[in-house]
Amino acid sequence: MSFWDNLVEEALVKLESLKLLRSLRPIHLPNNQQLKPIENEGQSSSKPDREEHGKQAFQVFNEMQPWDRSSVEVQIAEKTFQIWQRDLPSTGDEAFGGDEVTNNEEEVIPLKFRKLLLFSGNDYLGLSTHPTVGKAAAKAAQEHGMGPRGSALICGYTNYHRLLESSLADLKKKEDCLLCPTGFAANMALMVALGNIGSLLATGKTHLEEERIAIFSDALNHASIIDGIRLAERQRSMEVFIYQHCDMSHLNALLLKCKMKKKVVVTDGLFSMDGDFAPMVELAKLRNKHQFLLVVDDAHGTFVCGKSGGGVAEEFNCEEDVDICLGTLSKAAGCHGGFIACSKKWKQFIQSRGRSFIFSTAIPVPIAAAAHAAVTVAKKETWRRREIWKRVQDFHTLTGITITSPIISLIVGSEEKALHASRHLLRSGFHVTAIRPPTVPPNSCRLRVTLSAVHTTDDLKKLTTALSHCIDLQDVGIQSSNVYPRL
């Protein structure tokens, strides 16, 4: 988009004239030894493949392995179970110092634990327990500790971070990528940077209408987008328009009515609470019509959607229509951190004006190493994407409920109903939390069930049986586009 390319180029020139342009100077940490092979230990008949990346060889597998189950099989102490059942406030203290008790004879008696099957996490591919990911983190930690501690612009940015950025840019088919401490920080950095463009290029203290930026945001966008916009608004160079959830007619009407030339549309790719997709094809058509900058937060779609795991834009074949794509490494990648995939110009501008990036310590080197391994594993182990979408089909077959993604939002209404259902599932051996206000609006409380590639069909049969005993699956609401949370 030449208009926005020219705009960010003009902003960069202004920053340089003000001596405010900031640069990343990678510290090189030598890779001292080869990554050792991971032994299969005869636990599977499948032979692992090896994917070469520079000096490291990442081991990948073509089917589920025994360790995969540990990403969905968890346990909690009996005390935690009782507190949860009674819905008592807790600061987590029961996790420490309460694992053992003594009887009158001072004999140590271990406390009981309850095993649960996790249906509430965001580790969609089960990569958090993948040995290749863990080995990459361990190797980096042994060689470099946690790495240089500082913000990326000072000393926290290394060749490990750069390698991860390059792999993410390649995944998203973008020119470059900027790593951030979290996905939340990534959205905050971008929104504040967008507001800064209007302020930098203003001719006076009072912003003229043609100098202001119009931001159009989906009503159900993530809290990090909302908070980032609110912070950017304080620069008084931005006007915000909220369009009804996934309603392209409403968005088009707002765009037609808006007289400002600098327009940005921001949306989640896959909505975290409702589990529905943004109408990407329609958004692409509107972008061509109105020439706005299209920003997509693909936190829940990255690695899950698309043939190569490129996300929602790849799934709907509109990668070239997305100007800036944000994501996280704490969900399907099974690690930690956030990123902004964009052009080199946008990267330099955001790293110079995105405060949540500038003033945060860079992610530790072992995390960057682990995330880079996870990117490779996620792309190569295509069976994980196949399996998670099979589980989506399994849920539909078992319940008759039509769902569109691994995020299943079962709306039960009142807070009391949601808590009752969650407690019943807990007693049945399932970890499914009740989602309540302010995360969702009043009277739209729900059970948020998330599926994983390492869940089995048998897991879903047991879950749906337990669900049928606490809620009416034929009457439950799926998604809600008429009411919105006020954060």
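**Exercise 1. Work out the strand order of the open sheet of seven strands, and find which strands stand at its edges.**

Step 1. Reading across the open sheet, the seven strands come in the order β7-β13-β12-β11-β10-β8-β9, and their pairing is mixed. Strands here are DSSP runs of E with at least two residues, helices are runs of H or I with at least four residues, and both are numbered from the N terminus. Two strands pair if DSSP finds at least two bridges between them. In general, strands of a sheet pair through backbone hydrogen bonds, either parallel or antiparallel.

Step 2. The edges are held by β7 and β9 (238-243), each of which has a single partner strand, so one side of each is left without a neighbour in the sheet. From one strand to the next, the twist averages 20 degrees, where angles run from 0 to 180 degrees between N-to-C directions and axes are lines fitted to C-alpha atoms, for helices over the stretch in contact.

Step 3. Strand β8 (residues 213-218) pairs with β9 in the parallel sense, over six bridges, and Asp218 stands opposite Tyr243 in β9. Helix α11 (residues 344-353) packs on the sheet, where it touches β7, β11 (293-297), β12 (324-328) and β13 (338-342), and its direction makes about 25 degrees with that of β7. Contact means heavy atoms within 4.5 Å.

A note on the source: this is a predicted model, in which local features need pLDDT of at least 70 and side-chain atom pairs count only at pLDDT 80 or more, while totals for chains, interfaces and linings use all residues. Residues are numbered from 1 along each chain as its sequence is written, and side-chain values use heavy atoms, with hydrogens and water left out.

**Exercise 2. Describe the cavities of 30 Å³ or more and say which residues line them.**

Step 1. The structure holds two cavities of 30 Å³ or more. A cavity is a set of points, on a 1 Å grid over the protein atoms alone, where a 1.4 Å probe fits but cannot get out, and its lining residues have an atom within 4 Å of a point. Grid points are joined across faces, edges and corners, and a volume is the space filled by probe spheres set on the points.

Step 2. The largest cavity contains about 90 Å³ of space, and its lining includes Ala152, Tyr157, His161, Glu165 and Phe357. Helix α5 (159-172) and strand β7 (176-180) each supply at least two residues of this lining. By type, the lining of the largest cavity has eight nonpolar residues, three polar and one charged. In this count Ala, Val, Leu, Ile, Met, Phe, Trp, Tyr, Cys and Pro are nonpolar, Asp, Glu, Lys and Arg are charged, and the others, Gly among them, are polar.

Step 3. The second largest cavity contains about 60 Å³, and among the residues that line it are Lys172, Lys174, Glu314 and Glu319. Its lining divides into three nonpolar residues, one polar and four charged.

**Exercise 3. Find the backbone details at Asp87, Lys173 and Pro438.**

Step 1. Most residues other than glycine have a negative phi, and most peptide bonds are trans.

Step 2. Asp87, in the loop between α2 (78-85) and β4 (100-102), has a positive phi near 55 degrees. With 37% relative accessibility, Asp87 counts as partly exposed; buried means under 20% relative accessible area, exposed over 50%, and partly exposed in between, with a 1.4 Å probe and protein chains only.

Step 3. Lys173, in the loop between α5 and β7, also has a positive phi, of about 55 degrees, and at 52% relative accessibility Lys173 counts as exposed.

Step 4. The peptide bond from Pro437 to Pro438 is cis, with omega near 10 degrees, and Pro438 is found in the loop between β16 (434-435) and β17 (445-450).

**Exercise 4. Is Ile358 buried or exposed, and which residues does it touch?**

Step 1. Ile358, in helix α12 (residues 355-358), is buried, with a relative accessible area of 17%.

Step 2. Leaving aside residues up to four places away in sequence, Ile358 touches Ser151, Leu153, Gln351, Ser352 and Arg353. Ile358 and Ala152 are 206 residues apart in sequence, and their C-alpha atoms are 7.2 Å apart in space.

Terms used. On a 1 Å grid over the protein atoms alone, a cavity is a set of points where a 1.4 Å probe fits but cannot get out, and a pocket is an open set with protein on both sides within 12 Å along at least five of seven lines; lining residues have an atom within 4 Å of a point.
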